[in-house]
There are 2 protein chains.
Amino acid sequence: MKTETRKDEIIKTAAKLFKEKGYSAVTMRDLASAMGMKAASLYNHIKSKQQILKEIIITLAEEFTSGLRQIQQSEKSNIKKIEEVVKLHVKIASQNPYGMASLNNDWMHLEEKLDYYLELRTNYEEELREIIAEGVKKDEIIDENIEIMLFSILTTLRSLYSWIPKKEYRNPEKLSQQLSTVLIQGINKN
Amino acid sequence: MKTETRKDEIIKTAAKLFKEKGYSAVTMRDLASAMGMKAASLYNHIKSKQQILKEIIITLAEEFTSGLRQIQQSEKSNIKKIEEVVKLHVKIASQNPYGMASLNNDWMHLEEKLDYYLELRTNYEEELREIIAEGVKKDEIIDENIEIMLFSILTTLRSLYSWIPKKEYRNPEKLSQQLSTVLIQGINKN
DNA sequence: GTCTATATGGGGATAGAC
DNA sequence: GTCTATCCCCATATAGAC
């Protein structure tokens, strides 16, 4: 557990601002002002605006990748694996909802690391697709269009960051369980 | 059916660019270049960059508002109403996937019309919440956390624009039906 | 209706004093 | 580690010729 450096503070503050207005609309002067300093001073801690975005996004993308890999390697039913994926998203989004906004909305502004990010993203989708396809094959999951099931689940999980800061969702265990119910069982009573 | 004016073309092209990089990162030079003209020439057709965003977003927001009002006033079961809401989103997103990106991601860059937009958005969510709450009360919908059901459905519908341009989803009827199944019945087989 | 030229402001980033 | 001053570039938008 390292102590938080000034650089970490800057990145955290930047993520908060990026969530409100997006990467392109946030200026280094905005960021400096939120930190209580002048824009030029930021550059003693970070190399560039682009580096801030890169650190926010790549860190999160790698967390998802390694989290999913662990789930994939476990010996659970595919429905259980999906429940674990829900937990993974709730956990990461709870810890860092601001960063999640950049991951979802500002990845296209990555320069150097864009290809790497896209690779992680594509692989993530592909692995989740395989969990669903396996579930269909083993009769755990209905034989409906896999892409629709995949994107329905994934887009809900990806937008978690936008409502997780609200009061009702401070209990990650409970939220994960309720969300799994809705995503897996649907909302229909009959 | 009016013929498409140059202004309409500019707005359509702008929406396409906004979808790729977001409002703030698209310059009037980018837009002009995509239109095969110089930036200054754009101003013979539109008043400002801000006006383009406003037209894209407010038009769509009003379409959703009036669409939902019609559904709300019909005499259907609440589950049927949700199916109609799915159809509404599929229809609008199919007609204008580029504009939907701005509606979802760039509304915070609205200046003059921001408050109006937020009012429409809040009302939309509130009406949909009431449909779900009614459904729970009448035993059509499970008695699970309403906010979670609402946001799970809504975020899936809101992100439709990002995957609707793909080949498999060109049939709005079929897509609506499959998506309703997944959202309402879930994915579980047992 | 499109162009060139330009006004005006703000962006990211660096130099060098303290 | 923070500041002031500044560089250089590009943003939106307008004026006025063709």
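At roughly what angle do the axes of helix 5 and helix 7 of chain B cross? The legends below start with that pair; the model is predicted.

**View 1. Helix 5 (residues 78-95) against helix 7 (residues 114-137) in chain B.** The two axes come within 8 Å and cross at roughly 150°. An angle over 145 degrees counts as roughly antiparallel, so helix 5 of chain B and helix 7 of chain B are roughly antiparallel to each other.

**View 2. Residues at the contact of helix 5 of chain B with helix 7 of chain B.** Helix 5 of chain B contributes B:Asn78, B:Lys81, B:Ile82, B:Val85, B:Leu88 and B:His89. They meet B:Tyr124, B:Leu128, B:Ile131, B:Ile132, B:Glu134 and B:Gly135 of helix 7 of chain B. Sorted by class, this contact of helix 5 with helix 7 in chain B holds 7 nonpolar, 3 polar and 2 charged residues.

**View 3. The axis relating chain A to chain B.** Two copies of a chain are related by a rotation about an axis and a shift along it. Here a rotation of 180° with 0.0 Å of shift along the axis superposes chain A on chain B, at an RMSD of 0.0 Å. This is therefore the relation of a two-fold axis. A:Gly186 has the C-alpha nearest the axis in chain A, at 1.8 Å from it. Both copies use the same surface, as 100% of the contact residues of chain A recur in chain B.

View 4. A:Thr156 has a relative accessible area of 0%; buried means under 20%, so A:Thr156 is buried. A polar atom of the A:Thr156 side chain lies 3.0 Å from the backbone oxygen of A:Ser152. Leaving out residues up to four places away in sequence, A:Thr156 touches A:Leu179 and A:Leu183 in chain A, and B:Ser152, B:Thr155 and B:Thr156 in chain B.

View 5. Along the sequence the pattern reads α-α-α-α-α-α-α-α-α-α. The C-alpha trace of chain A spans about 60 × 35 × 30 Å along its principal axes. Chain A has 190 residues, of which 52% count as buried. Among the contacts in chain A with a separation of 6 or more, 67% come from residues 24 or more positions apart.

Definitions and conventions
Residues numbered from 1 in each chain as written. Chains lettered and ligands numbered in written order. Predicted model: local features only at pLDDT ≥ 70, side-chain atom pairs only at ≥ 80, totals over all residues. Heavy atoms only, no water. Axes fitted to C-alpha atoms, helices over the stretch in contact; angles between N-to-C directions. Helix = DSSP H or I, 4+ residues; strand = E, 2+ residues; numbered from the N terminus. Parallel < 35°, antiparallel > 145°, perpendicular 65-115°, else oblique. Contact = heavy atoms within 4.5 Å. Nonpolar A, V, L, I, M, F, W, Y, C, P; charged D, E, K, R; others polar. Least-squares fit on C-alpha atoms with pLDDT ≥ 70 in both. Buried < 20%, exposed > 50% of the residue type's maximum accessible area, 1.4 Å probe, protein only. Polar contact = N/O pair within 3.5 Å; in protein donor to acceptor, adjacent residues only side chain to side chain.
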